Amino acid sequence: KIKSKEVYFLSLVVFDFVCMFLYCLSALESSDTDNGLCGWIIVGLSILLMLATLPLSIWMCIKIVKEYERAIIFRLGRIVRGGAKGPGLFFILPCTDSFINVDMRTITFDIPPQEVLTKDSVTVSVDGVVYYRVQNATLAVANITNADAATRLLAQTTLRNVLGTKNLAEILSDRNEIAHSMQSTLDDATDDWGIKVERVEIKDVKLPQQLQRAMAAEAEASREARAKVIAAEGEVNASRALKEASLVIAESPSGLQLRYLQTLNTIAAEKNSTIIFPLPMDMMQAFMKRD
C-alpha cells in the first residue's frame with residue numbers, strides 16, 4: 001500500500017512537471033522579444049518559482065473566462081502575442097502576468113435628456129438609446145481608459161451636434177434619419193477604440209409648454225379654417241344643385257305641384273300642429289286680372 005501511494009504521488013508530480021514544462025514553453029514563445037535581459041531574467045525566476053511550488057502554484061496559474069468574455073494578458077506591462085485569450089481555460093505566470101476581462105456582449109445605455117437649440121431657434125429636450133458592443137478587446141483595453149464612459153459622453157455630444165443642424169419639423173418627422181446619422185458618426189469615432197455601435201434610437205422629443213400651447217392653437221385655427229372652407233364649398237354645391245332642380249321643375253308645372261305634396265307629406269310625418277301650405281302665384285293671377 002505504501003509503494004502504491006508513492007507511485008501515485010510520483011506520477012502526479014511528474015504529470016504536473018510535464019504540464020508546467022509545456023506551459024512554460026508556450027509562455028516563452030508568446031513572450032515579447034523586446035523584454036530585454038532583465039525581463040527574461042524576471043520571467044525565468046517566475047517560472048522557477050512556479051515549478052518549485054508545485055502543485056500549489058498551478059491553481060494560481062489556471063484562469064477561466066466565460067463564453068462572452070475575453071482576457072487581455074499583460075506580461076511585464078506588455079500585451080502578450082496572440083491578442084485576447086478565451087473563452088475557456090488559459091494559464092498565466094503568477095508574478096509577472098496580469099489580465100483584464102472584457103465583456104463582449106451588447107451593452108445598452110440611455111442618453112440623458114439633452115437641451116438642444118434647433119436650427120430655427122427652438123429649444124427642445126431629446127433623449128435616446130444606444131446599443132454597442134466591444135468588437136476588438138485589445139483596442140478597448142490598450143487605446144482608451146474607459147471605453148464605456150467615453151462612448152456615453154460621445155453619444156451625448158453627438159446627439160446635440162446632429163440635432164443642432166435640424167429644424168423642429170425635421171426632428172419631429174425624420175427620427176429614423178437622425179438615428180442613422182448618429183449611428184454612423186459614433187461608429188466612425190469609436191472604431192479606434194474597438195467599439196461597434198449597432199443601433200441608435202431617439203426615444204422622446206419634449207417641447208416647452210408655451211410652444212405646445214402655440215402649436216395647439218395653430219392646429220385648432222387651421223382645422224377651423226378648413227372646416228369653414230369645406231362648409232362654403234358645400235353651400236356652393238348645394239346652390240348649384242338647387243338651381244339645376246329649379247330649372248327641371250320649371251319645365252313641368254305638374255312637377256312643382258308634386259313637389260308641394262311631397263313637402264306636405266314630410267311635414268306631416270314629423271307630427272307638427274301647424275302646416276304651412278305655399279300658395280302658387282299662378283292661382284292668384286286670375287283674381288288680379290279681374291280687378
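**View 1. Thr-158, a buried residue of helix 5.** Thr-158 counts as buried because its relative accessibility is 6%, where buried denotes under 20% relative accessible area, exposed over 50% and partly exposed the range in between (1.4 Å probe, protein chains only). The residue is found in helix 5; helices (H or I, at least four residues) and strands (E, at least two) are DSSP runs numbered from the N terminus. Beyond its neighbours within four places in sequence, Thr-158 is in contact with Met-182, Thr-185 and Leu-186, contact being defined as heavy atoms within 4.5 Å. Between the C-alpha atoms of Thr-158 and Gln-183, which lie 25 residues apart along the chain, the separation is 9.4 Å. The model is predicted: local features need pLDDT of at least 70 and side-chain atom pairs count only at pLDDT 80 or more, whereas totals for chains, interfaces and linings use all residues. Residues are numbered from 1 along each chain as its sequence is written, and side-chain values use heavy atoms, with hydrogens and water left out.

View 2. The 17 residues of helix 5 should span 24 Å at 1.5 Å a residue, and the end C-alpha atoms are 24 Å apart, which agrees; the expected span is 1.5 Å times one less than the number of residues. Among the buried residues of the helix are Ala-147, Ala-150, Thr-151 and Ala-155. The buried residues of helix 5 pack against strand 6, strand 7, helix 4, helix 6, helix 7 and strand 8. At the start of the helix, the backbone nitrogen of Asp-148 has a side-chain oxygen of Asn-146 within 3.3 Å.

**View 3. The largest nonpolar core, with Val-124.** This core has 33 residues, and Val-124 and Val-130 have the most contacts inside it. A nonpolar core is a set of buried Ala, Val, Leu, Ile, Met, Phe, Trp, Tyr and Cys residues joined through side-chain atoms within 4.5 Å. Elements giving two or more residues to the core include strand 2 (69-75), strand 7 (123-134) and helix 7 (175-189). Helix 5 gives the most, with 6 residues. Leaving aside neighbours within four places in sequence, the contacts of Val-124 include Gln-114, Val-116, Leu-168, Ile-171 and Val-205.

**View 4. The second core.** A separate core of 6 residues includes Val-65, Val-80, Phe-90 and Ile-92.

Definitions and conventions
Polar contact = N/O pair within 3.5 Å; in protein donor to acceptor, adjacent residues only side chain to side chain.
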